[in-house]
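Reader: I've got a structure open and I'd like to learn how to read it. Could you walk me through a few features?

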Amino acid sequence: MSEKRPYLPRRFELHGLNGISDRTLEMHFKLYEGYVKETNRLEADIDEILRDGQVDQDEMPAYSELKRRLGFEYNGMVLHEYYFENLTRAGGKNPRRDAAFRNAVEQSFGSYELWKTDFAGIGKMRGVGWAICYQNPATGRLSNHWITLHEVGNVAGFRPVLVMDVWEHAFLLDYAPAERPRYIEAFFSNVDWEAIEARLDPRAR
Ligand SMILES: [Fe+2]
């Protein structure tokens, strides 16, 4: 059996954002690296159990726990990559009028403003998680979803288009816990709308 290669943490050239400090970003990159490390560790532990070709009855409790945690760590890794990738120092508050993303938003929600109200509304929900705008690749339709932690609420097969971390670690060095709306506005002022555009399913553009 060939050796499985571990995931490597990606590097993001991200600094000097509006309203999200470099200190927050540095701390956040470290947290992300923790998810990559844990994903690799869980996979190695699971491989160890599978090494003899079976999951013995006495291994089942440990195996189950590792598998459950894998969903948390794996999504934590992947969602942070989407999050950092959809931010840029040269971001704008709104996508261009003729952008395919705006077009998809208008078809799905009626107006950009309504889509944004819904997305930001999800971001303000109490609890720890993510606001994600997904595209259904079968229809091109966009919908906004609340994800609890990292793994509860992701829609199977849908493409993440805009991903916003609303765990408190994403803004606590810059804002008080009750100031989440200010963080959300700062997030929007740094969105890389071209990266968003590139995530749309080309067949559905
Ligand atoms: Fe985070």
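This is a predicted model: local features need pLDDT of at least 70, side-chain atom pairs count only at pLDDT 80 or more; totals for chains, interfaces and linings use all residues.

Reader: Where does Met77 sit, and what does Met77 touch?

Author: Met77 belongs to helix α2. Leaving out residues up to four places away in sequence, Met77 touches Tyr7, Tyr32, Tyr35, Val36 and Thr39. There's also a pairing across the chain to look at: Met77 and His150 are 73 residues apart in sequence, while their C-alpha atoms are separated by 8.9 Å.

Reader: Which other residues of α2 are buried?

Author: Along with Met77, the buried set in α2 includes Tyr63, Leu66, Leu70, Glu73, Gly76 and His80. Among the elements covering the buried residues of α2 are α1, β1 (129-135), β3 (159-165) and α5 (180-189).

Reader: How do I read the packing of α1 with α2?

Author: Take the angle, the spacing and the handedness in turn. Helix α1 (residues 22-50) packs with helix α2 (residues 60-85) at an angle of about 145 degrees, and the axes are 8 Å apart. Their crossing is left-handed. As for the residues of that contact, 16 are nonpolar, four are polar and eight are charged.

Reader: What about the shape of α2 itself: where is its kink centred?

Author: On Leu70, where α2 has a kink of about 25 degrees. You can check the end-to-end length too: at 1.5 Å a residue, the 26 residues of α2 should span 38 Å, and the end C-alpha atoms are 37 Å apart, which agrees.

Reader: You listed α5 as part of the cover. Why is α5 described as largely enclosed by the rest of the structure?

Author: Count its buried residues. Seven of the 10 residues of α5 are buried, so α5 is largely enclosed by the rest of the structure. Those residues are Arg180, Tyr183, Ile184, Ala186, Phe187, Phe188 and Ser189. They pack against α2, α4 (112-123), β2 (142-148), β3 and α6 (193-199).

Reader: Let me try Ser189. Is Ser189 buried or exposed?

Author: Ser189, found in helix α5, has a relative accessible area of 10%, so Ser189 is buried. With residues up to four places away in sequence not counted, Ser189 touches Asn18, Gly91, Gly92 and Lys93.

Technical notes: Residues are numbered from 1 along each chain as its sequence is written. Side-chain values use heavy atoms; hydrogens and water are left out. Axes are lines fitted to C-alpha atoms, for helices over the stretch in contact, and angles run from 0 to 180 degrees between N-to-C directions. Helices (H or I, at least four residues) and strands (E, at least two) are DSSP runs, numbered from the N terminus. A crossing is left-handed if the near helix is turned anticlockwise from the far one by less than a right angle, and right-handed if clockwise. Ala, Val, Leu, Ile, Met, Phe, Trp, Tyr, Cys and Pro count as nonpolar, Asp, Glu, Lys and Arg as charged, and the others, Gly among them, as polar. The expected span of a helix is 1.5 Å times one less than its number of residues. The bend at a residue is the angle between axes fitted to the seven residues ending there and the seven starting there. Buried means under 20% relative accessible area, exposed over 50%, partly exposed in between (1.4 Å probe, protein chains only). Contact means heavy atoms within 4.5 Å.
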